[in-house]
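Have the structure open as you read.

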Amino acid sequence: MSESGTQLFARLEARRCLKDIEPRLFPNDGGPDHGEVVELYGPEGTGKTELLYHLLCRCVLPEAAGGLEVDVVFLDTDYSLDMFRLVSILDGRLNAGSSAASEDSALRSCLSRLLVVHCSSSSQLLLTLHFLDTTLSSRPGLALLVIDSVSAFYWLDRCEVGVAKQEERLSKCAELLGRLLRDYKFTIFATCHAIRSSYSGPSSSSSATDRPYLCRPWQRLVSHRLLCSRQEVEDGVAEAAASPSSERRRRRVFSVHCSSASSSGTRGSRTSSFCVTDGGVQFL
């Protein structure tokens, strides 16, 4: 397939590296480099979506507000993107001292860097990835592709077309993503739901759901894996001491264990904790 000079320039031009997207989340050698994939994995209710919003905001915010000022494509396969929540986080992180007019202009500028695409089937996802070539060629500032989630059609495809066909479809998506990563050197963040294993008695390991289960072509793409979990901690101890009859409040704290493998073969890991506030993710 031939390509124009504009397409060639967009493909070869260096895109913004996202190694510094969140220093508190990744090991000391930094976050994802050009052409790498980050998988956010865990059961429902473990903070994956809020963490994704945090990283997305970091990308589209202007540099003056601590952002990276890059374009993002968001493939919403779960139809769970909450734009009101996203706008609320962005609005809170923009300069509070600016006027209402300039703040509104800055918010519009942030949202202009975000392209949202909805996919309702694995076939539609595959077609979208095919046409992503055009988007990448026309937007050299595009540095991040978000897929929420890459496992959305896992069970649906298994029920409708069988295990072999389901594996084939996801493998085609992974192979196409691999080619796009090599050609355009952007970064991918993708969420993945935890799979429920069958119960086999008291001896069954609870960590069985933490193992990768998607096809091998996808697993080979993943360079950084963020394993998300949730715990309840006691809060408001001072309030409880002042009012002995009141129960101590409990708040949700989310943990993320990052395991990374760089292109040089070195491995690193890091565990972080955060809570979710009205203004988004707050690291502890």
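Which residues line the second largest cavity? They are L125, I147, V150, L170, C173, A174, L177 and W218.

## About the model

This is a predicted model, in which local features need pLDDT of at least 70, side-chain atom pairs count only at pLDDT 80 or more, and totals for chains, interfaces and linings use all residues. Residues are numbered from 1 along each chain as its sequence is written, and side-chain values use heavy atoms, with hydrogens and water left out.

The pLDDT (the predictor's confidence in each residue, from 0 to 100) averages 84 for the protein chain, and 80% of the residues score at least 70. Over residues 198–206 the value is below 50, and this stretch has 1 contact (heavy atoms within 4.5 Å) beyond near neighbours in sequence. Residues 237–243 also have pLDDT under 50, with 5 contacts beyond four places in sequence. Where pLDDT is low, the predicted coordinates should not be read in detail.

## The two cavities

On a 1 Å grid over the protein atoms alone, a cavity is a set of points where a 1.4 Å probe fits but cannot get out, and lining residues have an atom within 4 Å of a point. A volume is the space filled by probe spheres set on the points, which are joined across faces, edges and corners. The search finds 2 cavities of 30 Å³ or more.

The largest cavity holds about 90 Å³, and its lining includes S122, L125, F153, Y154, R169 and L214. Helices here are DSSP runs of H or I with at least four residues, strands are runs of E with at least two, and both are numbered from the N terminus. Two or more lining residues come from each of α5, α6 (154–160) and α7, with α7 giving the most, 4 residues. The lining has 7 nonpolar, 3 polar and 2 charged residues; Ala, Val, Leu, Ile, Met, Phe, Trp, Tyr, Cys and Pro count as nonpolar, Asp, Glu, Lys and Arg as charged, and the others, Gly among them, as polar.

Now back to the second largest cavity, with about 40 Å³ of space. Its lining has 8 nonpolar residues and no polar or charged ones. Helix α7 supplies the largest share, 4 residues.

## How α5 meets α7

Helix α5 (residues 122–138) packs against helix α7 (residues 163–184) at about 10 degrees, with the axes 9 Å apart. Axes are lines fitted to C-alpha atoms, for helices over the stretch in contact, and angles run from 0 to 180 degrees between N-to-C directions. The two helices are therefore roughly parallel, a label for angles under 35 degrees. Among the residues making the contact are L125 and L129 of α5, and C173 and L177 of α7. The contact residues divide into 10 nonpolar, 4 polar and 4 charged.

## The open pockets

A pocket is an open set of points with protein on both sides within 12 Å along at least five of seven lines. Of its 15 lining residues, E44, G45, T46, K48 and T49 are the closest to its centre. Helix α2 gives the largest share, 3 residues, and the lining divides into 2 nonpolar, 7 polar and 6 charged residues.

The second largest pocket has a volume of about 200 Å³. Q219, V222, S223, R225 and R267 lie nearest its centre, among 13 lining residues. Strand β6 gives the most, 4 residues.

Note on methods: Angles under 35 degrees count as roughly parallel, over 145 as roughly antiparallel, 65 to 115 as roughly perpendicular and the rest as oblique.
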